[in-house]
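Please open the model in your viewer and keep the selection panel at hand. The tour goes from one selection to the next and says what is there.

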Amino acid sequence: MKFTKMHGLGNSYIYVDGFREKIPDEECLPDLASEVANPYTGIGSDGLILILPSNVADVRMRVFNSDGSEAKNCGNGLRCVSKYAYEQQHVEQANFSIETFGAIVESQVHLDEEGKVSEVTVDMGVPRLKRKEVPMRGKGGALEAHVIDATEPINGNDYTFTAVSMGNPHAVFFVDNFADAPVESVGPLVEKADLFPEGTNVEFISMKNTSEIDFAVWERGSGVTQACGTGACAAVVAAVLNGEAKKDEAITVHLPGGDLTIHWSSKDDHVWMKGPAVTVCTGTYFPA
Ligand SMILES: N[C@@H](CCC[C@H](N)C(=O)O)C(=O)O
């Protein structure tokens, strides 16, 4: 199976081109994702992404985490899929659409002087804020309410966070001491809490000022990663909802792997993400 390894700020996936390659049977995909992600016996990545033809958009993206679970969205993946689709001429224009699990997003590639895609802007759509949309468990009217700076019990302790869906779920924690953010202790505990029927990605953020955010993440299905594009969008949404940042202002999110520029537009409520996409290598993988 031919593959391309790409990363967005160190959040790396193995990309398989379904326009050219026969994609393995559906039931094999979770195991394949775990296998290719393994740094010792596989290629090494945060998961697997399929680039596929679409009936409703120019390209379709499917994302599998390194534990084999399928995710509904991936911001860094969208930028890498955009670079791949443009450079491999699956699309002809610099602006095109990508089908994700349940949504269609618009992407625009930016070229360097050699005509290669260096950066990509993606319209990440409208954040979903209702408890039932995240999704989070709750009763009656609470399911319609937003979860902003809310304190919820998890495994007998109280945790305060803001919940945002960017097509996938995020629990965003503001931390005072960013260097000591409990990413590896609180991250997995919240990821798998019963409160989140589909699990959640968990972000720890700290405002440097009103236009810069320090960011660390525990990703659902992959653990600590260098970057999470949807997580960075959720962080900006959480910052605005908590009065720490403003809509329509470009916010720089400092992730472990580098910076993303995000803004939440008041015009149409859409969140926009701009950042790099990088090709690491291509090769042939021999499935077990
Ligand atoms: N790294 C991604 C998100 C990948 C999926 C996520 N772990 C989930 O299960 O929702 C990004 O850049 O957004």
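**Starting at Ser107**

In this predicted model, begin by selecting Ser107, which, apart from its neighbours within four places in sequence, is in contact with Ser82, Ala94, Asn95, Phe96, Ile98, Val120, Thr121 and Val122. Ser107 belongs to strand β7, which runs over residues 103–111, and with a relative accessibility of 2% it counts as buried.

**The annotated binding site**

Next, select Asn11, Asn65, Gly75, Asn76, Asn168, Asn201, Glu219, Arg220, Gly229 and Thr230, which an unreviewed UniProt entry annotates as "binding site". Among these residues, Asn11, Asn65, Gly75, Asn168, Asn201, Glu219, Arg220, Gly229 and Thr230 are included in the lining of the largest cavity.

From that set, pick Asn201, which lies in strand β12 (residues 201–209) and is buried, its relative accessible area being 3%. Beyond its neighbours within four places in sequence, Asn201 is in contact with residues including Asn168, Glu219 and Arg220, and the list of its contacts also holds Pro169, His170, Ala171 and Trp218.

Finish at Thr230, in helix α4 (residues 229–241), where the relative accessibility is 1%, so that this residue counts as buried. Setting aside its neighbours within four places in sequence, Thr230 is in contact with Asn73, Cys74, Gly75, Met124, Met166, Asn168 and His170. With the side chains displayed, look between Thr230 and Asn168, whose side chains make a polar contact at 3.2 Å.

Definitions and conventions: Residues are numbered from 1 along each chain as its sequence is written. This is a predicted model: local features need pLDDT of at least 70, side-chain atom pairs count only at pLDDT 80 or more; totals for chains, interfaces and linings use all residues. Side-chain values use heavy atoms; hydrogens and water are left out. UniProt positions are given in the numbering used here, feature names are shortened, and annotations may be inferred rather than shown by experiment. On a 1 Å grid over the protein atoms alone, a cavity is a set of points where a 1.4 Å probe fits but cannot get out, and a pocket is an open set with protein on both sides within 12 Å along at least five of seven lines; lining residues have an atom within 4 Å of a point. Helices (H or I, at least four residues) and strands (E, at least two) are DSSP runs, numbered from the N terminus. Buried means under 20% relative accessible area, exposed over 50%, partly exposed in between (1.4 Å probe, protein chains only). Contact means heavy atoms within 4.5 Å. A polar contact is a pair of N or O atoms within 3.5 Å; within protein, one must be able to donate a hydrogen and the other to accept it, and residues adjacent in sequence count only if both atoms are side-chain atoms.
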